[in-house]
Amino acid sequence: MDQKQIFDVVILGCGPAGIQAAIHASRKKIRVLLMGRLNKSSLFWAHVENFMGMFKTSGEEMLTTGLAQAKSFGTEVLEEDALHIAQTGRLFEIQTESGVQLCARALIIATGTTRNKLGVPGEKELLGRGVSYCVDCDGGFFRGEDVAIIGGQSAAAGGALTLLALAKSVHLVADSLDVAPLLKAKLAQSGAILHEGAKIKAITGETQVTGLELADGTTLPVAGVFIELGAKGVLELAASLGLNLDESMKYIDTDKRQATNVPGVFAAGDICGAPLQMAKAVGEGCVAGTNAAAYAKNMKLAQEGPEAGREEQ
Ligand SMILES: Cc1cc2nc3c(=O)[nH]c(=O)nc-3n(C[C@H](O)[C@H](O)[C@H](O)COP(=O)(O)OP(=O)(O)OC[C@H]3O[C@@H](n4cnc5c(N)ncnc54)[C@H](O)[C@@H]3O)c2cc1C
């Protein structure tokens, strides 16, 4: 993909919400990019029996067919995570994990809710007292401190780079590092201390985190432990865009058009809250795709005149 391309609609998330949004937006004959990975959708390993019109099917099959459908309507696909999003004027600038820079007139966030737990002693007990699941939300509390970030995917690698600008030292602890080569190279030059292949035994501390204990008996003396097991998640992206969350602070707040408080940003699927079900994700994806397409078309129309916004059949 060329550097700095402008898309009408960029959709983050290749699950049922994102794919349905892509199908509806692409049929408006605008330029649509769908980002994310099929096998990272919560639906991928599911056996589905409660979707209208299907007695029994596999999540993988539904996702694969849905993606092919979206492509047939012109959706472009990039199997990468978004690492950073910023608003510049009326456009959204997106940086992917391999360093590709994209622009979008409208954005749909359909990244699901997976926020994996580490499951070690100290994680639950010290949550909010040195343990965090969100670098962009809590990184600032650890200025000048030693910190560790746990995870082998884009969220952890990107988080380590963010933390380096704040913390005294950053340990990146990963079972195995599974990120794009460019991100890996950046990390190698960054000054982050990489512990690849290390297993975590416990997070230690009485009232605050004081260390991270590895299975080989080593203890890293850190004041903060960031758990980022997966892709860049909703809280980070929402925080960087100034999106309102709902009362539980876990989900993005939208109106009936699936619009957020930031003009041009829409959200759909599990990240908008319960019920965490495919039927709801698909419905919201349809609404978000339709409204994001209209938003992008109107913006083009205002900027470039009537030819730009003409509806094609
Ligand atoms: C085991 C299991 C069984 C289930 N069974 C059923 C069932 O039978 N019926 C039912 O209705 N529902 C079922 N569900 C729930 C259903 O899977 C979810 O409700 C649905 O997948 C939500 O869709 P979504 O598009 O919102 O998110 P997801 O399907 O989770 O997709 C999220 C997408 O976002 C992408 N992504 C994440 N971060 C980024 C980023 N930073 N940049 C770009 N992309 C990103 C991921 O790669 C992924 O493609 C099941 C869930 C599980 C876990």
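This note sets out points on strand pairing, a helix contact and the ligand surroundings in a predicted model.

1. Basis. Residues are numbered from 1 along each chain as its sequence is written. As the model is predicted, local features need pLDDT of at least 70 and side-chain atom pairs count only at pLDDT 80 or more, whereas totals for chains, interfaces and linings use all residues.

2. Strand S7. Helices (H or I, at least four residues) and strands (E, at least two) are DSSP runs, numbered from the N terminus. In S7 (residues 91–96), Phe92, Ile94 and Thr96 point to one face and are buried, that is, 20 or more other C-beta atoms, placed from the backbone, lie within 10 Å of their own.

3. Neighbours of S7. Two strands pair if DSSP finds at least two bridges between them. S6 (residues 82–88) pairs with S7 in the antiparallel sense over 6 bridges, and His84 has Gln95 as its bridge partner. This hairpin has 2 residues between the strands, and Gly89 takes a positive phi near 60°. S8 (residues 101–109) pairs with S7, also antiparallel, over 4 bridges, with Glu93 opposite Cys103. Here 4 residues lie between the strands, and Gly99 in the turn has a positive phi of about 95°.

4. Parallel sheet. An open sheet of 5 strands has the order S9-S16-S10-S11-S12, with parallel pairing. S9 (131–132) and S12 (193–196) each have a single partner strand, so one side of each is left without a neighbour in the sheet. Between S10 (residues 146–150) and S11 (residues 169–174) there are 5 bridges, and Ile149 is partnered by Leu172.

5. Helices H1 and H7. The axes of H1 (residues 16–26) and H7 (residues 278–304) come within 7 Å and cross at roughly 35°; axes are lines fitted to C-alpha atoms over the stretch in contact, and angles run from 0 to 180 degrees between N-to-C directions. The contact of H1 with H7 has 14 nonpolar, 6 polar and 1 charged residues. Ala, Val, Leu, Ile, Met, Phe, Trp, Tyr, Cys and Pro count as nonpolar, Asp, Glu, Lys and Arg as charged, and the others, Gly among them, as polar.

6. Ligand shell. The ligand is surrounded by 32 residues, of which Gly13, Gly15, Gly36, Gly112 and Gly269 are the closest; a residue is near a molecule if its C-beta atom, placed from the backbone, lies within 6 Å of it. The shell divides into 16 nonpolar, 11 polar and 5 charged residues. H1 and H7 each supply at least two residues of this shell.

Technical notes. A residue is buried if 20 or more other C-beta atoms lie within 10 Å of its own, exposed if 12 or fewer, and partly exposed in between; C-beta atoms are placed from the backbone.
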